[in-house]
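Here is a brief structural report on one protein chain. Keep the model open while reading.

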Amino acid sequence: MSVPVESVEATIRPPGSEGLGEGVSASVSESAGEVLRPHAEHAFAAELAALAAQDDRPRPVRWRLSPWAVATYLLGGTLPDGTVITPKYVGPRRIVEVAVTTLATDRALLLLGVPGTAKTWVSEHLAAAVSGDSTLLVQGTAGTPEEAIRYGWNYAQLLAHGPSRDALVPSPVMRAMAEGMTARVEELTRIPADVQDTLITILSEKVLPIPELGQEVQAVRGFNLIATANDRDRGVNELSSALRRRFNTVVLPLPESADAEVDIVSRRVDQIGRSLDLPAVPEGIDEIRRVVTVFRELRDGVTADGRTKLKSPSGTLSTAEAISVVTGGLALAAHFGDGILRASDVAAGILGAVVRDPAADRVIWQEYLEAVVRERDGWKDFYRACREVSA
């Protein structure tokens with residue numbers, strides 16, 4: 001027996017909650033200045049609205065935008081009326097096009113890459129552009145239970161009245177199936193293998209059985225799922241071949257060039273900084289470039305000019321970590337300096353990112369300081385600041 005979509009939606013939205021979504025949205029919109037990190041659909045509501053107004057291309061069922069407009073939202077561009085869409089992802093256009101096209105089919109999307117390659121960021125913005133809601137999220141951990149993907153129970157109702165639709169607590173995935181929306185599963189390979197396999201029936205048959213009620217929820221058109229996974233987690237809880245076949249895998253690479261990475265770090269730090277009332281990024285662009293250079297050289301195991309081979313530390317030194325280092329440096333400059341990002345503001349953050357293993361990584365860092373940073377023109381202040389915090 002299938003559960004009608006209306007019945008599941010009634011379960012999701014208890015009686016008396018009509019219009020709740022609109023009220024919550026209005027509340028969030030009105031207090032956007034107070035929210036530390038608004039959801040993508042709220043932070044970029046104006047851009048999404050502008051795209052929707054000028055989007056005359058075919059849209060898949062229940063999509064807010066056409067695939068072309070979703071790709072434009074992620075990659076950025078200028079609309080015919082002059083509206084500027086800021087890029088959310090800086091990388092190969094084809095990767096975004098393949099990811100968006102996958103969501104328009106019956107295949108789920110797996111975003112794979114090393115830590116810090118914007119997998120979560122991309123998945124959030126994809127869901128916001130496609131469904132207008134990025135919050136149907138399952139956060140994967142070693143303790144994620146099966147109920148987080150399927151459904152749970154309101155035990156007070158269960159004990160009082162037995163299994164019923166009123167006692168059912170739908171998961172984000174169940175809600176997405178019933179409403180034809182995009183669900184997200186973060187860190188899929190951190191989830192235990194037996195819980196992962198709960199997705200097989202959902203992705204292959206597009207149905208979620210509820211054996212306690214002798215019913216099932218069938219996915220309506222528009223439903224799909226985006227999962228993310230770190231390829232460094234290989235061997236933790238590897239996906240079964242059966243589950244992997246249900247996904248179209250898109251690998252998000254590290255930024256191709258230093259300029260691209262500097263652009264990514266600058267944009268993201270500027271967004272974070274505005275929410276924290278930190279100094280403007282352009283004042284510290286030189287330090288951002290130095291942070292990115294250090295991270296790229298240690299990550300690649302060779303200096304930018306290719307002349308000196310280096311040992312790589314145990315950490316990932318990802319773009320996300322560079323963003324964190326620069327944001328922390330801006331906070332230091334704002335609260336304990338003159339508001340301008342300097343070498344002394346980022347030195348401690350770089351040390352913390354590089355030296356994860358106190359023994360081996362510290363040696364690698366000291367060798368890099370003496371062999372590369374010390375001899376580099378224009379880096380004397382950076383060398384002194386790093387030596388001071390490394391002592």
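## Local sites, a pocket and the overall fold

V98 touches N248 and V250, leaving aside residues up to four places away in sequence. V98 sits in helix α6, which runs over residues 93-103. The residue is partly exposed, because its relative accessible area of 34% falls between the 20% and 50% cut-offs. G180 lies 82 residues from V98 along the chain, and their C-alpha atoms are 21 Å apart.

All of this rests on a predicted model.

**The whole chain.** The protein chain holds 18 helices and twelve strands. Its radius of gyration is 24 Å, close to the 21 Å that the globule rule gives for 391 residues, so the chain is as compact as a globular protein of that length. The C-alpha trace spans about 75 × 50 × 40 Å along its principal axes. Of the 391 residues, 47% count as buried. Take the contacts between residues at least 6 apart in sequence: 72% of them join residues at least 24 apart.

**The second largest pocket.** The volume of this pocket is about 670 Å³. Which elements give two or more residues to its lining? They are α7 (119-131), β11 (224-230), α13 (258-276) and α15 (319-336). The lining of the second largest pocket counts 33 residues, and G116, T117, A118, W121 and I323 lie nearest the centre. By type, the lining divides into 15 nonpolar, nine polar and nine charged residues. Helix α13 gives the most, with seven residues.

**Helix α13.** This helix has 19 residues, which at 1.5 Å a residue should span 27 Å; the end C-alpha atoms are 26 Å apart, so the two values agree. Several α13 residues are buried, among them A260, V262, I264 and V265. E261, S266 and R268 are also buried. Which elements do the buried residues of α13 pack against? They pack against α7, α14 (285-300) and α15. Both α7 and α15 also contribute to the pocket lining.

Most residues other than glycine have a negative phi. A118 has a positive phi of about 70 degrees and is not a glycine. A118 is in the loop between β4 (108-113) and α7, and is one of the residues nearest the centre of the second largest pocket. D277 is likewise not a glycine and has a positive phi of about 60 degrees.

**E297 in helix α14.** Helix α14 holds E297. Is E297 buried or exposed? It is buried, because its relative accessible area of 2% is under the 20% cut-off. Residues up to four places away in sequence aside, E297 touches V302, T303, A304, L310, Y368, V372 and R376.

The table sets out the accessibility of the residues discussed above.

| Residue | Relative accessible area | Class |
|---|---|---|
| V98 | 34% | partly exposed |
| A118 | 27% | partly exposed |
| D277 | 70% | exposed |
| E297 | 2% | buried |

D277 is classed as exposed because its 70% is over the 50% cut-off. A118 is partly exposed at 27%.

Key
Residues numbered from 1 in each chain as written. Predicted model: local features only at pLDDT ≥ 70, side-chain atom pairs only at ≥ 80, totals over all residues. Heavy atoms only, no water. Helix = DSSP H or I, 4+ residues; strand = E, 2+ residues; numbered from the N terminus. Buried < 20%, exposed > 50% of the residue type's maximum accessible area, 1.4 Å probe, protein only. Contact = heavy atoms within 4.5 Å. 1 Å grid on protein atoms, 1.4 Å probe; cavity = no way out; pocket = protein on both sides within 12 Å on 5 of 7 lines; lining within 4 Å. Points joined across faces, edges and corners; volume = space filled by probe spheres on them. Nonpolar A, V, L, I, M, F, W, Y, C, P; charged D, E, K, R; others polar. Expected span 1.5 Å × (residues − 1). Rg over C-alpha atoms; globule rule 2.2 N^0.38 Å.
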